[in-house]
Amino acid sequence: MSPERHEPARSTQGSASLHEAAAEAQVKLQQTFTNLQFEDFGPAPVEGPIYQAMAGGKIVYYAPRSEHLLFATVYDRNGVNLTALAQEQAATRRLKAIDPGKALAIGPVDAPTVIEFTDPDCPYCQALDRFWSAKAVEGKPVRRLIFFVSGIHPTAAAKAEHILCSPDRATAFKAAYSGQTPPVLRQCAAGHDKVAEDAELVAKVGVSGTPTLIADGKLISGFQQAELEAFLDRHAKSAPAKAVSDVQR
């Protein structure tokens with residue numbers, strides 16, 4: 001028998017095997033995630049092993065065989081978000097590169113602390129500043145450890161240096177983030193050097209967008225108001241318990 005006559009049989013057998021594998025996978029999917037209803041099921045375009053990579057503080061997945069890049073969230077069978085877990089672990093590692101003592105500190109010393117990578121020309125950063133101000137009025141202040149991101153907007157570095165060179169940095173910060181630009185921006189060697197140091201830290205930590213915050217060890221990309229509200233609520237609830245504990249001592 002010639003090889004040509006064997007080819008259709010192998011093709012049919014291969015198709016049957018693929019069909020059986022797909023059917024088995026579908027059954028396993030439905031058994032594992034019983035609370036979900038799937039309207040369709042079929043093979044994905046991704047082939048071969050998938051690798052995990054970090055890019056700009058976010059987890060991405062790469063399948064070299066089919067050359068696919070996946071921006072996805074991976075869950076295990078127990079519903080644990082493995083992608084978020086990997087991001088938190090990476091953020092914890094990056095935290096070690098941050099020296100809080102080198103930040104521009106704004107806010108009460110005894111308030112909950114957030115590390116904030118920010119840009120004076122970023123509209124979302126300006127919205128975040130307004131949010132913090134509103135929360136302070138509500139009795140929920142924070143202590144912000146500020147590092148400037150100066151590589152996104154062209155005048156960000158000069159404005160950051162102006163803030164750092166001002167005699168009242170907190171007031172200068174507030175003015176800059178409310179959209180006020182003085183006729184002449186202050187300059188000083190210390191401010192210039194600090195902007196450069198912050199830029200090195202931004203590259204080392206992998207910050208690619210603003211604002212980027214770290215609150216309770218968790219990386220928050222962008223102005224995520226709901227997450228920040230939850231952060232403030234957690235600390236507001238723990239404050240009375242701490243006060244009672246201090247009185248009882």
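Visitor: Before we start, what counts as a helix here?
Guide: A helix is a DSSP run of H or I, at least four residues, and helices are numbered from the N terminus. The model is predicted.

Visitor: Fine. Where do Phe173 and Tyr177 lie?
Guide: Both are in helix H5, four residues apart, which is about one turn of the helix.

Visitor: Buried or exposed, those two?
Guide: Phe173 is buried, and Tyr177 is buried too. For Phe173 the relative accessible area is 1%.

Visitor: And why is the pair of Phe173 and Tyr177 called what it is?
Guide: The pair is stacked because the ring centres are 4.1 Å apart and the planes are at 15 degrees. The cut-off for stacked is planes under 30 degrees apart.

Visitor: How many aromatic pairs are there by that rule?
Guide: Five, counting rings whose centres lie within 6.5 Å. One of them is Phe148 with Phe173, a tilted pair with 6.3 Å centre to centre and 40 degrees between the planes.

Visitor: Which parts of the chain does that one link?
Guide: Distant ones: Phe148 is in strand E6 (residues 143-148) and Phe173 in helix H5 (residues 169-177), 25 residues apart. Phe148 has 1% relative accessibility, so it counts as buried.

Visitor: Which residues form an aromatic cluster?
Guide: Phe131, Trp132 and Phe223 form one.

Visitor: Switching to the sheet. What is the strand order?
Guide: The order is E4-E6-E5-E7-E8, in an open sheet of five strands with mixed pairing. From one strand to the next, the twist averages 25 degrees.

Visitor: What does E7 pair with?
Guide: E7 pairs with E5 (residues 113-118) in the antiparallel sense, over four bridges. E7 and E8 (residues 218-221) are also antiparallel, again over four bridges.

Visitor: Which way do the E7 side chains point?
Guide: In E7 (residues 212-215), Thr212 and Ile214 point one way, Leu213 and Ala215 the other, and all are buried. In a regular strand, side chains alternate between the two faces of the sheet.

Visitor: Last one. What sits between E7 and E8?
Guide: Two residues, making a hairpin of the two strands. In that hairpin Asp216 takes a positive phi near 55 degrees.

Technical notes
Residues numbered from 1 in each chain as written. Predicted model: local features only at pLDDT ≥ 70, side-chain atom pairs only at ≥ 80, totals over all residues. Heavy atoms only, no water. Buried < 20%, exposed > 50% of the residue type's maximum accessible area, 1.4 Å probe, protein only. Pairing = 2+ DSSP bridges. Axes fitted to C-alpha atoms, helices over the stretch in contact; angles between N-to-C directions. Phe/Tyr/Trp six-rings, centres within 6.5 Å; stacked < 30°, edge-to-face > 60°.
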